[in-house]
Amino acid sequence: RVFALEGQSWLQVASKGWMLMDGSSLGLGILVEELVDVAENVVAWARQQQVTEAGRSIQWTAETEEELLQLNVRAHEQLERLQPLCEFPTVLALLQQEGFISEEDFSLGPEGIGQAVLRLLLRRRAGLLVLGEEMPSGPWAHQAFESFFEEVLLPVAPFPCKLFMPREPAQSLLLLLHGSYVRGDDLFAEAEVLQSMLPATAVALPEALTLIDAATGIRAWWPFGDESDFTAPQLLIQRLVATVRWLGARFQAKLVIGGFSQGAMLVGQSLNALQKSADALLPSAVVILSGLVPCSLPANVPCLAIHGDVDEKLPLSSVQKSMEDPRLKGIRLEVFPGLGHEISDAVLERVAVFCSELAPSNELSISADEPALIQEANQAKLLRWVKNISKVITMFDDERFMSHITDPKMRGLGSKARSFGDGNVKYELHEEKESKALVLLFHGRLHDLREGTQSLVAAYRRLKLSVLVVDYRQKFSQFCVDATMVLEGLQELGNKRPVIIHGIGCGAIHALHMALASHSYPRALRERFKLLVLDGAVGNFRSLPPSPTGCIAMDPIGNDEKLKYVDLPICLLGGDDECCGFGRSDKHFTVLTGGAERHVAKAKLLALSSGLALAESADRLSAELYGAVHKALDPVFVASLTTEVGAEGKASRFFENVLAETEGGPETLEAKAGKFRVEELQRICDEVLQLDEGKLLQELWRLRRLKKRDAEWLEYVASKHGPALEKHGFGKGIEGFKLFEAVMSIHAGKSRELAQKQEVLMQKFDLRALDAQVLRAERDRSTNFGVTLEQCYKVADESDAAWQSEELFDRALALAHEQTGPAPAAARAAVKAVAKELSVRHAAKLSIPGAGDELALKLAQVFSHYSIDRHLTVYVGRMQASIMKLSERVRARIADKAGKPTKAVPASFEPPAREFPDIDVVVHIEPDLGLSTKLRMPAPSLVRAVREKIAGFDPLGATSAKDFRLRLHPDGRLVGDDEKVADLGCELEVCEE
């Protein structure tokens, strides 16, 4: 077919479209010039169209070409979004209906169909048509096509899916959605494991479309606005319904639909839409893995929900609360002990059993009489682990993730430094003459390796320890490889001295790997390792800010879990690493304390402190690390880990020459120790042990919370030893105490009685014992509801500030005016109501389960749970004094309006100093709210003295001991003023006069 226009001829060729017949101006006769494809070069195509009648209307300017290029970019962007949908029949039908494609185009395949749509969009938007073409209809304009795509195409378009086809004809289909902030292939290995156990099951894995990070392929079904934003967008529900419809047409098999984490939330919230769909797309069963949220569960559809009891991303308490929703009646919730936010092999096995129950003909491949298939399934599980770890490890070699834990521009040791492993791992050895041990130092996040480690190196060398600083490769995938090279390189150094492994920040990954991997090496090498120091160590990837792993199936670091299997003595410090140090975030230290808990019973946790490796002076090790190193290198201690030590066991002389300088010049510690007799040292211990236990504990609890607690602890301990030490010639202050400690270490090896006294003395001042108490208390979630001790301090601080605020006073005053009765009763009732409101608000903020008054009682239970902390009682006492002050202000204001005189309220108030004499008396002020105070009274005290002391808390002096009575708690018997407190027990309750 030829079409002529103003001397120009056009030829229509079936396979090429319209072609321009030109060339006469060149004297070459008639040539056939193929029409430029608008999809390949929109500018050249538009210029070629200028010979047409429509083309002559183009006012070609310098901006015309730029406009065409922008038009091209926008159209290609729309094509990129449309292309994945061009394989689905429902989408093609709608494109044909709107005139974008013809029926003949269906044979072009998804890519060809996309190009056909692109050509139409470009031609129409450029305002030009090839001769003979009809004017296209439909939403071809940019914004119209956007609306058409979002509102018409997407709701009927299935998600892109990876299909795992079984070796046998499919009898069932498992549709499984991955979690959030992971790659689209996150569950590929899990699908292979499931198929190894269910050979007649096809597995479909849809891929989330929201791309969080293009470089790594991390995706989410929808971005979380916050951690509680669990509501799936309606469009995703529509697309999941379309996916089920598409798969249902393709597979004539029973369908099990499930998901993990955010994918499970989407599945649960789509069930109602599936039930209401015109073609009844209800699945045969549902599997919810670590993602149960309130949703509507259709009747007669079996549903299995699996959740871990140590899931931190979606706590079990949240799931149990969801189970209260009547719409979830009939769901089967199975709690897996020790399971976090992950999919374990045990979970996969349970899912396989559940699927086999659904389709009895699809029997589990794993059975006792099928050893080959058992082996195949186990190999699939192992391969799954390797794939997941490799996938994540290589993913986080990316500089954007590595920059969280290392400084990619760190100045290392340089190319001339010695190395292990053919130059891959550089190191620098700081050798000491007559060195007693070797410290392997794996750095954390530093800008300059030498500068950043020089103080710690110097502090170790003061103790006659050599230090080997490792300059490992800044690639996550090489961390364990480099640690293995160092482990093997130890034998090249030729010295068989003891080894201490010190890992800082991400260097703890190397340190832990070396500690565990050493078990695969000869015993002679393994037994050289004496201590593992984790200093500001990374706990796991989930604790890194921001969390880069999303909901991956397993944590590729998992130091908290690895720590459970370490067989070395351990020193765990909060540290000051730029990424993981305690001062930056307590997450890493907290998760690692959980892993270290099992070592307490074995006496292998030598130090547990949120403090630093260096003392405040920065030229010595901190007291915690110093003690751990000393003990780890002490042959007596090392022998005690495996055998009974004899009374004549020889103590280590590791600290020889440390305190060498005196007025008379160098003098060894051995010579100094010889000046003191064992009996004299025992008398010093006895004097110190007579110190008041109550006051000492209160101060130790206070010191425990300090950021640089080691320095203040050392100063406090030295001050308590000071009088006895000066009297016996050890000198003053910290230096005198250090000399005493070193001398004790030498003599304790010769005297069992002195060694026992030394141990008792150490326990009296041991902050680690308090850390262990807190650790146990915080692990008891049945009583603390997941609230930490530090959160209690924060609540106490915020409450104290609130009670002293004018806003709370106004609120209490308003409530008091609503009360009837005398002013004191009205004030107490108003303050009680305000206290309950404040407690409920704090409890809800801490995610304590429950509602209303129950929250206030549970918050009081939490504070009672942490009453082990003597310093917290001071905070609570201050808060209760503020409550009493507010109550009196309200009472005084009401009385003032009644014409009664009042005293002025002081501008500031400090609670009276607390004393700790003989008897602890708990006085419950408002038992319903858990408000109480603890008093220490002399042993012969009468009830009258308790009442007077409570009345004395009133800063206005307006409360008299006669305004209230005391009764026994909880039996309620009123007690008389002349009764002795010691005869009544330790709990009393305030009641009306």
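**Cysteines and helices in a predicted model**

The structure, a predicted model, holds zero disulfides.

Biologist: How do you know that Cys 506 is too far from the closest cysteine sulfur for a bond?
Modeller: A disulfide needs two cysteine sulfur atoms within 2.5 Å. The closest cysteine sulfur to that of Cys 506 belongs to Cys 580 and lies 7.2 Å away, so the pair is too far apart for a bond.

Biologist: What makes Cys 506 count as buried?
Modeller: Buried means under 20% relative accessible area. Cys 506 has 0% relative accessibility and therefore counts as buried.

Biologist: Why is H2 called roughly parallel to H5?
Modeller: The axes of H2 (residues 64-82) and H5 (residues 142-153) cross at roughly 10° and come within 11 Å. Angles under 35 degrees count as roughly parallel, so H2 is roughly parallel to H5. On the H2 side, Arg 74, Gln 78, Arg 81 and Leu 82 make the contact; the H5 side includes Phe 145, Glu 146 and Phe 149. The residues of this contact divide into four nonpolar, two polar and four charged.

Biologist: How do you know that the span of H32 agrees with its 23 residues?
Modeller: At 1.5 Å a residue, H32 (residues 823-845) should span 33 Å, and its end C-alpha atoms are 33 Å apart, so the two agree. Buried residues in H32 include Ala 823, Val 834 and Leu 838. Just after H32, Ser 847 has a positive phi of about 60°.

How values were computed: Residues numbered from 1 in each chain as written. Predicted model: local features only at pLDDT ≥ 70, side-chain atom pairs only at ≥ 80, totals over all residues. Heavy atoms only, no water. Axes fitted to C-alpha atoms, helices over the stretch in contact; angles between N-to-C directions. Helix = DSSP H or I, 4+ residues; strand = E, 2+ residues; numbered from the N terminus. Parallel < 35°, antiparallel > 145°, perpendicular 65-115°, else oblique. Contact = heavy atoms within 4.5 Å. Nonpolar A, V, L, I, M, F, W, Y, C, P; charged D, E, K, R; others polar. Expected span 1.5 Å × (residues − 1). Buried < 20%, exposed > 50% of the residue type's maximum accessible area, 1.4 Å probe, protein only.
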